[in-house]
Amino acid sequence: FFARHQFGIPTSLNYTFDKSKVTMGDDPLTFIKKTISVLLLIFSLVVVHALIADKQTNLSDNIHPALAYVALWGALIWLSMVEGSQASMVGLPPVDRELYRESHPIAFKICERGHRGDNLDRYLMGRQFMVLALVFVINMSGAPIEDADVLNLPTPLANAFLKSGLAMILFTCMIGQLNTQVNASHCMLDYLNDHFATFTVWVAVGIEASGLLHASYLIQMIVAMCAGQTIESNEPPRDGLANVLYWGRVLFSCGCLGFAFAVTLAALFDGKTTMWDGIPEVVSIIFFFGLMSVVGMLEGMQIAFFAVAKMTEEERNYNNWAKWTNELLFDNGGRGLPGFMIGRQLCVVSCFFVIARVTTVSIEDGDDNVLGVGDGAQKFFETGLLGALITTIVASIAWQLVASAFPLTMLGNVVTYVLLRICLFLEATGIASGAWVLASIHKKVAGFQKDEVYVGTAEERAAQGHGDKKIHDKEIGHLTG
């Protein structure tokens, strides 16, 4: 569901990955994986909350543990809605809204405005920044400070769960992302029929309207020219005043992005970030750009894999690396694609946490502020929002746009193949299998039902004269979550 509306892949509500293929059934091995994953999650929860209680996270140490708890769970719950509402917003456009006007009035109102014109793309762009910003808040609230020691954990266990960030990764992925994606992909209407979803969707649209991310549109135009393609819109051309406002926001966004880079690189060169001690400044900068490239590749791979799914085998197997990649993705009943999506989520969140640590500005008592700014500006730098802005535009949206224009190029290289192998390995370990357990509990408690209960299958809707609408066939630049 992440990218199917952009590439003409079927978007009817009965187009979902077969759960048995993703979870591998209820065999003993799967049960063991889920059990171990849930136990690891419980242990991670205990460790993170103990760190906050002992004031061994940035927010609990600098302000108060109570605020850290509130920020942690507030950001995590909001992140779960951001991830879940994305599935609903992307999956529902083809369906005739009159079918759920009475059964889901809130979802109807959200979709009525959210799917008008190019509002869906605006939401997806703002939503991308929200994910990064919320992950940075979770990192500040729950990630351990340097040399944190809690619960008298043995050194190997402390290294595995604290220094590597595994506790935070499992905590965030399973509670804040994967379990909500599982439910929202099958229960789009029930998930979106909530005032919290209304608030979330319009905050995302508001972020886009602010112009903060409009540099992405400039990248979109450059990519379109390189690909020799046109950018399609569902809205009439802008008039004179609208053009002035639009390009004004593009310039504003480029200025903000340049300023964010200047502050972040200055802090890295001066050793004034939360980067681990002992790592040379030059290595920190290389590490920063390297991680952003990995995130960018993972974002682009997601787009490319969905884009080539509808091509013939001959078209997509244009070189050996592409052929080997396609064999992993589409052989064995196509299990590789959903497996990649799960492993990719773990990889991306891991990179986000490390990038947050690398880019979050922090100064010691007595040190000069970064670039000599005032104390108020320095406090703003330390929120990590500048790193979130850089990562959203440069490491996420830009790569998605490139991949949407050149999917085969993204597919047929050794880096894509290696990263796919890593993602599939992570999924095969079952380390995030607890998300299925959480999703099942959440579904029962919330009373979610599959969308077909309310609006029928695509075939049933067509038979009733409410056939699904066709969404974008060929275009460049429409964003994905």
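## Basis of the values

The model is predicted, with local features needing pLDDT of at least 70 and side-chain atom pairs counting only at pLDDT 80 or more, while totals for chains, interfaces and linings use all residues. Residues are numbered from 1 along each chain as its sequence is written, and side-chain values use heavy atoms, with hydrogens and water left out.

## Salt bridges between separate parts of the chain

Five salt bridges are present in the structure; the term means a side-chain nitrogen of Lys or Arg within 4 Å of a carboxyl oxygen of Asp or Glu. One of them joins the side chains of Arg127 and Glu83, at 2.7 Å from N to O. Arg127 belongs to helix 6 (residues 119-142) and Glu83 to helix 4 (residues 65-91), so this pair ties together parts that are 44 residues apart in sequence. Helices are DSSP runs (H or I, at least four residues), numbered from the N terminus. Arg127 is buried at 3% relative accessibility, and Glu83 is buried at 2%. Buried stands for under 20% relative accessible area, exposed for over 50%, and partly exposed for values in between (1.4 Å probe, protein chains only).

Arg122 and Glu235 form another salt bridge, at 2.8 Å from N to O. This pair links distant parts of the chain, 113 residues apart: Arg122 is in helix 6, and Glu235 is in the loop between helix 11 (215-227) and helix 12 (240-269). Arg122 is partly exposed at 21% relative accessibility, and Glu235 is partly exposed at 31%.

Glu327 is partly exposed, with a relative accessible area of 33%, and Lys323 is partly exposed, with a value of 33%.

## Contact of helix 2 with helix 7

The axes of helix 2 (residues 28-53) and helix 7 (residues 155-163) come within 11 Å and cross at roughly 85°. Helix 2 is therefore roughly perpendicular to helix 7, a class that covers angles of 65 to 115 degrees. Axes are lines fitted to C-alpha atoms over the stretch in contact, and angles run from 0 to 180 degrees between N-to-C directions.

Helix 2 contributes Leu40, Phe43, Ser44, Val47 and Leu51 to the contact, and helix 7 contributes Leu157, Phe161 and Leu162; contact means heavy atoms within 4.5 Å. By class, seven of these residues are nonpolar, one is polar and none is charged. Nonpolar covers Ala, Val, Leu, Ile, Met, Phe, Trp, Tyr, Cys and Pro, charged covers Asp, Glu, Lys and Arg, and polar covers the others, Gly among them.

Methods:
Helices (H or I, at least four residues) and strands (E, at least two) are DSSP runs, numbered from the N terminus. Angles under 35 degrees count as roughly parallel, over 145 as roughly antiparallel, 65 to 115 as roughly perpendicular and the rest as oblique.
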